[in-house]
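Here are my notes for you, written as numbered points. Keep the viewer open and follow along as you read.

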Amino acid sequence: MKNLACGCPGSQVRTIEKKSCTSQEASGRIASELRQWPTQLTLVPPTAPWLQNANLLIAADCTPFAYAEFHRDFIKDKVLVNACPKLDDCGPYVEKLTQIFTHNDIQSVTITIMEVPCCRGMVMVVKQALEASGKDIPVEVVVIGVDGERRN
């Protein structure tokens, strides 16, 4: 394995190849829809190859835990990045997303947030980054209730 500047092999950019549906159907297990690694916004390089022409999913950290069908309904056919607008410093997120929007032809952005007020910060981060990038990319915001139900 190649030595990385940060020393963590978990930060290495990877594309995840999907297996055929037949093996999933035979086992009865639901397959992951994750297509790339890493997902944590802080670790995602703005020039990662899987960002080019991507439909970008920006998920507040709690949403995949609250919404049971997250992989099927949101990650499928999208590139996922995740972050927490409450616990993290959002300034670097604005900068990182600005770079992602600037250097890639992002096709769409879906933001999944929880219904709690602090999660609305993720929408503001994305709006600031889009404005700074000068790009006009369609954005959809999906709110998940603490009970795991989709609110919109």
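What pattern does the protein chain follow, read along the sequence?

1. Overall layout. Going along the sequence, the pattern is β-α-β-β-α-α-β-α-β-α-β. That makes five helices and six strands in the protein chain. Helices (H or I, at least four residues) and strands (E, at least two) are DSSP runs, numbered from the N terminus. A word on the source: this is a predicted model, where local features need pLDDT of at least 70 and side-chain atom pairs count only at pLDDT 80 or more, while totals for chains, interfaces and linings use all residues. Residues are numbered from 1 along each chain as its sequence is written, and side-chain values use heavy atoms, with hydrogens and water left out.

2. The sheet. Look for an open sheet of four strands in the order E4-E3-E5-E6, with parallel pairing. Two strands pair if DSSP finds at least two bridges between them. E4 and E6 are the edge strands, each pairing on one side only. From one strand to the next, the twist averages 20°. (Axes are lines fitted to C-alpha atoms, for helices over the stretch in contact, and angles run from 0 to 180 degrees between N-to-C directions.)

3. Strand E5 and its partners. E5 covers residues 108–114 and is joined to E3 (residues 55–60) by five bridges, the two strands running parallel. Leu57 has Thr110 in E5 as its bridge partner. E5 also pairs with E6 (residues 139–144), again in the parallel sense, over six bridges. Here Thr112 has Val142 as its bridge partner in E6, and Met114 has Ile144.

4. How covered is E5: buried or exposed? Seven of its seven residues are buried. Buried means under 20% relative accessible area, exposed over 50%, and partly exposed in between (1.4 Å probe, protein chains only). Both faces are covered, with Ser108, Thr110, Thr112 and Met114 on one side and Val109, Ile111 and Ile113 on the other. For the protein chain of 152 residues, 41% count as buried.

5. Contact means heavy atoms within 4.5 Å. H5 lies across E3, E4, E5 and E6, at about 155° to E5.

6. The nonpolar core. A nonpolar core is a set of buried Ala, Val, Leu, Ile, Met, Phe, Trp, Tyr and Cys residues joined through side-chain atoms within 4.5 Å. The largest one has 42 residues, of which Leu56, Leu97, Ile100, Phe101 and Val109 touch the most other members. Two or more residues each come from E3, H3 (70–75), E4 (79–83), H4 (91–103), E5, H5 and E6. H5 gives the most, with six residues. Leaving out residues up to four places away in sequence, Phe101 touches several others, including Leu56, Val109, Val126 and Leu130. In soluble globular proteins, nonpolar side chains tend to be buried together.

7. A buried polar residue. Gln36 sits in strand E2 (residues 36–37). Gln36 is buried, with a relative accessible area of 0%. A polar atom of its side chain lies 2.5 Å from the backbone oxygen of Leu80. That is a polar contact: a pair of N or O atoms within 3.5 Å, where, within protein, one must be able to donate a hydrogen and the other to accept it, and residues adjacent in sequence count only if both atoms are side-chain atoms.

8. After E6. Asn152 is in the segment after E6 and is partly exposed, at 48% relative accessibility. Apart from neighbours within four places in sequence, Asn152 is in contact with Val141, Val142 and Val143. Its side chain reaches the backbone oxygen of Val141 at 2.8 Å and the backbone nitrogen of Val143 at 2.9 Å.

9. Backbone details to check. A cis peptide bond, with omega about 0°, joins Trp37 and Pro38; Pro38 is in the loop between E2 and E3. Asn53 is in the loop between E2 and E3, and its phi is positive, near 60°. Asp77, in the loop between H3 and E4, has a positive phi of about 65° although it is not a glycine. Asp77 counts as exposed, at 53% relative accessibility.
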